[in-house]
Amino acid sequence: LSITSVDTDYDNLTITLVADFDASIQQVWKLWSDPRKLERWWGPPTDPARVETHDLSPGGEVTYRMTGPEGDVHHGLWRITAVRSPTSLEFTDAFADEHGTPIADMPVSTVTVQLTERDGGTRMEMRLMLESREDMERLLSTGVVDGLRQAVGQMDALLK
Amino acid sequence: VWKWIIYNLMVVDDLSNRAVDELLHALADTTRRDILRRCATGQPSVSRLARAYPMSFAAVQKHVAVLERAGLVTKERRGREQLVRTDARAVSRARQALDELEATWRGRVDRMSDLLVEGTEPEGKNSRMGGTG
């Protein structure tokens, strides 16, 4: 297996994943930068993905659709926030409607990818951070937050 | 994790905005948070809870009702008493979606790995280096 470690941090809603591939940085980068390759690994075999637009530049977007076993179609959208070919990439991944507009109530995850050479192969380090939508953030920052944070923090501590 | 729980309640459990409002309202009060804390470790009766706060039995009962409506506590009748317990599922469910995301990415990395192996096999243009005949 190529996955070296996975660390899931429930408090910070972050997953850190390290994978080592027996391939060059260029080859691994191509899995991200070539839409035809990207769509072959992004969706599981049960929900194949199709990349519709692909602009891997800062401010650019990648749109894709995934079709489920019952023919249900889900749209997704990346917004590229930083890119340094062929070693790093940062984007947000959100659910979108059929017009490619992010769906407000759905969560957004921020993904950072870092490729480095290691023992003749390539190490891919990824951080996946979940964020609630902006509106939710706003709602939660209206003073209710502290109470909620405190209460749930205590619940969590008690249930550990 | 609080953020996480809200996310889960909304997405995983398909909770409506109104239900989230109820949850936020329930948690926005010091006494109710304290009740939650007490009921997470023990299972006190409403009357025992009432003795812990400088307020009437009716007022405490009202707080418990708000928590119950938000799905944060459950009540159980035992004899003449009503026992209150914090619903631990609200917290444990919160972990589920992150686990799912992890599984998703494990699958993706496996597929990336397969694609890279495929790319190095002697087929197609990769293996045909050098000049032409």
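This is a predicted model: local features need pLDDT of at least 70, side-chain atom pairs count only at pLDDT 80 or more; totals for chains, interfaces and linings use all residues.
What pLDDT does chain A average, and what share of the residues score at least 70?

1. Residues are numbered from 1 along each chain as its sequence is written, chains are lettered from A and ligands numbered from 1 in the order in which they are written, and side-chain values use heavy atoms, with hydrogens and water left out. Chain A averages a pLDDT of 78, and 74% of the residues score at least 70; pLDDT is the predictor's confidence in each residue, from 0 to 100.

2. Where that confidence falls. Within chain A, the highest mean belongs to strand E3(A), at 94, and the lowest to helix H3 (residues 134–140), at 40. Helices (H or I, at least four residues) and strands (E, at least two) are DSSP runs, numbered from the N terminus. Over residues 132–160 of chain A, pLDDT stays under 50, and the model has 50 contacts beyond four places in sequence for this stretch. Contact means heavy atoms within 4.5 Å.

3. Over all chains the structure holds eight salt bridges, each a side-chain nitrogen of Lys or Arg within 4 Å of a carboxyl oxygen of Asp or Glu. One of them pairs A:Glu39 with A:Arg36, with the closest N and O atoms 2.8 Å apart. Because the two residues are three apart in helix H2 (residues 35–41) of chain A, about one helical turn separates A:Glu39 from A:Arg36. An α-helix has 3.6 residues a turn, so residues three or four places apart point the same way. A:Glu39 is buried, at 14% relative accessible area, whereas A:Arg36 is partly exposed, at 43%. Here buried means under 20% relative accessible area, exposed over 50%, and partly exposed in between (1.4 Å probe, protein chains only).

4. A bridge between chains. A:Arg40 and B:Glu118 form a salt bridge at 3.1 Å, N to O. This pair runs from helix H2 of chain A to helix H7 (residues 96–120) of chain B. A:Arg40 is partly exposed at 46% relative accessibility, and B:Glu118 is partly exposed at 32%.

5. Chain B. B:Glu68 and B:Lys75 also form a salt bridge, with 3.5 Å between the closest N and O atoms. B:Glu68 is partly exposed at 33%, and B:Lys75 is partly exposed at 29%. Helix H3 (residues 30–41) of chain B has 12 residues and spans 18 Å from first C-alpha to last, close to the expected 16 Å; the expected span is 1.5 Å times one less than the number of residues. Among the buried residues of H3(B) are B:Arg32, B:Arg33 and B:Asp34.

6. A:Val51 lies opposite A:Tyr64 of E4(A). Six residues lie between the strands of this hairpin, and A:Gly59 has a positive phi near 85°.

7. Two loops to check by eye. The peptide bond from A:Ser85 to A:Pro86 is cis, with omega near 0°, and A:Pro86 sits in the loop between strand E5 (73–84) and strand E6 (88–96) of chain A. A:Asp119, a residue other than glycine, has a positive phi near 50°. A:Asp119 lies in the loop between strand E7 (108–118) and strand E8 (121–131) of chain A and is exposed, at 77% relative accessible area.

Methods. Two strands pair if DSSP finds at least two bridges between them.
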